[in-house]
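Reader: I am new to this structure. Please walk me through it, one step at a time.

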Amino acid sequence: MADVRQNLGTLLEIFSDNEAATELIRPEGNKITATLGCDLDPAMPGACIVSKRYLAGGGLTGSVALIGSTRMDYATIVPRAQYIMNKTTDLLAEGGITNG
């Protein structure tokens, strides 16, 4: 439980800084990635970040990330995350979400 509290504190500190948050969740390349907490700087034992870039149009990109435990069900999470990220790219390429 101490690792969870420490990891949450670390995440809150990182997400209070836009540049640090961007670096944390921005994956390398254009593939979905899973980064273990022990490979992060600062390290977050027991945590994992699953992330992927999406195209926002006009040459802009963004990232979608799921932060969870290293014990998450990757076989379920990765395909669902991939679907959400692909749909995000498609919606933005079509001009975004409209009401109606």
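Author: Helices (H or I, at least four residues) and strands (E, at least two) are DSSP runs, numbered from the N terminus. This is a predicted model: local features need pLDDT of at least 70, side-chain atom pairs count only at pLDDT 80 or more, and totals for chains, interfaces and linings use all residues. Residues are numbered from 1 along each chain as its sequence is written, and side-chain values use heavy atoms, with hydrogens and water left out.

Reader: What pattern does the chain follow along the sequence?

Author: The chain has three helices and three strands. Read in sequence order, the pattern is α-α-β-β-β-α.

Reader: How many of the 100 residues, as a percentage, count as buried?

Author: Buried means under 20% relative accessible area, exposed over 50%, and partly exposed in between (1.4 Å probe, protein chains only). Of the 100 residues of the chain, the buried share is 23%.

Reader: Which element gives the most to the lining of the largest pocket?

Author: On a 1 Å grid over the protein atoms alone, a cavity is a set of points where a 1.4 Å probe fits but cannot get out; a pocket is an open set with protein on both sides within 12 Å along at least five of seven lines, and lining residues have an atom within 4 Å of a point. Two elements, α1 (2-15) and β3 (60-69), each supply at least two residues of the lining. The top contributor, with five residues, is α1.

Reader: What is the volume of space in the largest pocket?

Author: Grid points are joined across faces, edges and corners, and a volume is the space filled by probe spheres set on the points. For the largest pocket, that gives about 210 Å³. Of its 13 lining residues, the closest to the centre are Val4, Asn7, Gly46, Ala47 and Ser69.

Reader: Is Val4 buried or partly exposed?

Author: Val4 sits in helix α1. Its relative accessible area is 45%, so Val4 is partly exposed.

Reader: Which residues does Thr10 touch, not counting residues up to four places away in sequence?

Author: Thr10 is in helix α1. It counts as buried because its relative accessibility is 15%. Contact means heavy atoms within 4.5 Å. By that rule, and not counting residues up to four places away in sequence, Thr10 touches Pro42 and Met44.

Reader: Why is Met44 buried?

Author: Met44 lies in the loop between β1 (33-36) and β2. Not counting residues up to four places away in sequence, it touches Asn7, Thr10, Leu11, Ile14, Leu24, Gly37 and Cys38. Met44 is buried because its relative accessible area is 1%.

Reader: Which residues is Ala43 in contact with, leaving aside its neighbours within four places in sequence?

Author: Ala43 lies in the loop between β1 and β2. With a relative accessible area of 41%, Ala43 is partly exposed. Leaving aside neighbours within four places in sequence, its contacts are Gly37 and Cys38.

Reader: How far away is the side chain of opposite charge nearest to Lys52?

Author: Lys52 lies in strand β2 (residues 47-57). Lys and Arg count as positive and Asp and Glu as negative; His and the chain ends are not counted. A salt bridge is a side-chain nitrogen of Lys or Arg within 4 Å of a carboxyl oxygen of Asp or Glu. Lys52 is buried yet has no salt bridge, and the nearest side chain of opposite charge, Asp90, is away by 9.7 Å.
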